[in-house]
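The tour below goes from one selection to the next and says what is found at each stop.

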Amino acid sequence: MRIAFLFLLFIISTFAENKPKEYEGFKLVWADEFEKDGGLNEKEWGSEVGFKRNFEMQWYQKENAYCKDGKLIIEGRKEKKPNPTSKANGDWRQNRKFINYTSACVFTKKSWQYGRFEVRAKIKTETGLWPAIWTLGVEGEWPSNGEVDLMEYYDHSILANTVFGTSNRWQGNWKTVKKKMEFFKDEKFDEKFHVWRMDWDVNSIKIYLDGKLLNETDLSRTLNRTSRGPVNPFRQPHYLLLNLAFGGKSGGSLDKTTFPSKYEIDYVRIYQSTKPQPEKKVYARNPQESTKNYLAHVKKIDFGTTTVKGIKPFYESKDFFNKKIGWNKDSDSQLYAWKMKGTNKESASIHKVANTKVEGLNAHQFILHSSWSRFILEMKNSVDLSEYKLLKFSAKSNDAANWEDFAFVAEDEKGSELEILLDEIGFKADGKWHECTIQIQALKAAGIDVSRLKKLLQISWQGGVKVGHSFYLDNVHLVK
């Protein structure tokens, strides 16, 4: 009787463990529990074929992915056979006469925009192996379509990443967190199943391992620098991929790797919020699209001196750095640079210069003393720009040609922020003055409350910046 009771308890507990978890505020919209032995459901899953990326050693084929005992098994094998794509003077895939390793990369035929993606899996942490759980956006060329790595393993480390496009084709802007296996303090890590999770909404992507946050990406900053993908690749549907790779750029040597190697997935579950996600529009990257969407709302005005009707100037201050600076005369606002952490030294300095200017008495030079800073005009009380059409300023820099991201940023009282690359609003990094034009309509379209702007003008940059780099700013004004 006792044995029967214990068996029943085991069955109940096993059923409860396998039943998809319910989360408040989410509903389960798609799942695969892999309960039926055999191949994957081809209505739901596709499979890659061939040598694919990163100079990896494996040939992908669908027969290396199969379901058994309630698990999806992706099996890496060491087996030699002719490469059917081999040809002389081909690329790295075609130059291989033989296939020496096989594996599988499977992907969902459905895609989802936002939600909670949850995968329970067990991986081997051997050198040479490169298992992954990741997503790709449905539109655009990589990396401008956007990639999220819920999990990668290589170099004795677990990684959680997001990546989107730069101005250079096939080069990504990576937001990476890498944790050595020692970080997890578990010598039996690869003997256990773990839960990898992505929580994704219109504002951010958060990646978790066993409930612990590994990486968070702010989606207000993930804007592609080219038209080879959507403006923001993480505000479009993504599909999920599961694969086991070997060697290549990151996997490492296969000399001591054990084969066959099995990557086991217990389930894949996709949840979506029961609350509608507000759509956030962003300033278009494509100049033609920008013209179509916004220029129709802008009235052309001739610009002259600050006495011209409809222009509100930016007043120069005698004591410029970290002091009050006038948007209106005698207004209370701050223009400042960050101080470096752990020191009283400013991350940058601001200097008045008279020998190069667009108007007024001086221009202002912002010189970098450490690798990160921002030029910020922050209002003590928010300012209302709803009656204006344009915000304009002039900028020049040679150094910005080396910077990955040189952008204007505006932020309202509630923290809603919009970033626009300066080279899309008139700037060129050629050491000459260029007038930059921000269309207030574009801020409105992006969900910014222009009647309550707190940080009126920010200039930010990243990537390739060196100590001593600088830019110049002058003639900041609004136009009705």
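Leaving out neighbours within four places in sequence, I265 is in contact (heavy atoms within 4.5 Å) with F34, K71, L72, I74, V119, R120, A121 and L242. I265 also belongs to the largest nonpolar core, which has 48 residues. A nonpolar core is a set of buried Ala, Val, Leu, Ile, Met, Phe, Trp, Tyr and Cys residues joined through side-chain atoms within 4.5 Å. Buried means under 20% relative accessible area, exposed over 50%, and partly exposed in between, with a 1.4 Å probe and protein chains only. A second, separate core has 39 residues, including L368, Y388, L422 and L457.

Two notes on reading the model. Residues are numbered from 1 along each chain as its sequence is written, and side-chain values use heavy atoms, with hydrogens and water left out. As the model is predicted, local features need pLDDT of at least 70 and side-chain atom pairs count only at pLDDT 80 or more, while totals for chains, interfaces and linings use all residues.

Now zoom out to the whole chain. Its secondary structure comes to 4 helices and 29 strands; these are DSSP runs numbered from the N terminus, helices being H or I with at least four residues and strands E with at least two. Of the 480 residues, 50% count as buried. Among contacts between residues at least 6 apart in sequence, 70% join residues at least 24 apart.

Next, show the aromatic rings. Rings of Phe, Tyr and Trp (its six-membered ring) pair if their centres lie within 6.5 Å; planes under 30 degrees apart count as stacked, over 60 as edge-to-face and the rest as tilted. The count comes to 28 aromatic pairs. Select F55 and W92, a tilted pair with 5.1 Å from centre to centre and 45 degrees between the planes. F55 is partly exposed at 43% relative accessibility, whereas W92 is buried at 17%.

Then go to W433 and Y472, an edge-to-face pair at 6.5 Å and 65 degrees. W433 lies in the loop between β26 (417–421) and β27 (434–439) and Y472 in strand β29 (residues 470–479), so this pair ties together parts 39 residues apart in sequence. W433 is partly exposed, with a relative accessible area of 23%.

Stay in the loop between β26 and β27 and select G426. Its C-alpha atom is 4.7 Å from that of C436, 10 residues apart along the chain. Beyond its neighbours within four places in sequence, G426 is in contact with H434, E435 and C436.

For one aromatic cluster, select W30, F34, W45, W112, Y114, F117 and W200.

Two charged side chains come next. A charge sits over a ring if NZ of Lys or CZ of Arg is within 6 Å of the ring centre and within 35 degrees of the ring normal. The charged end of K80 sits over the ring of F98, 4.6 Å from its centre, and that of R96 over the ring of F51, 4.7 Å from its centre.
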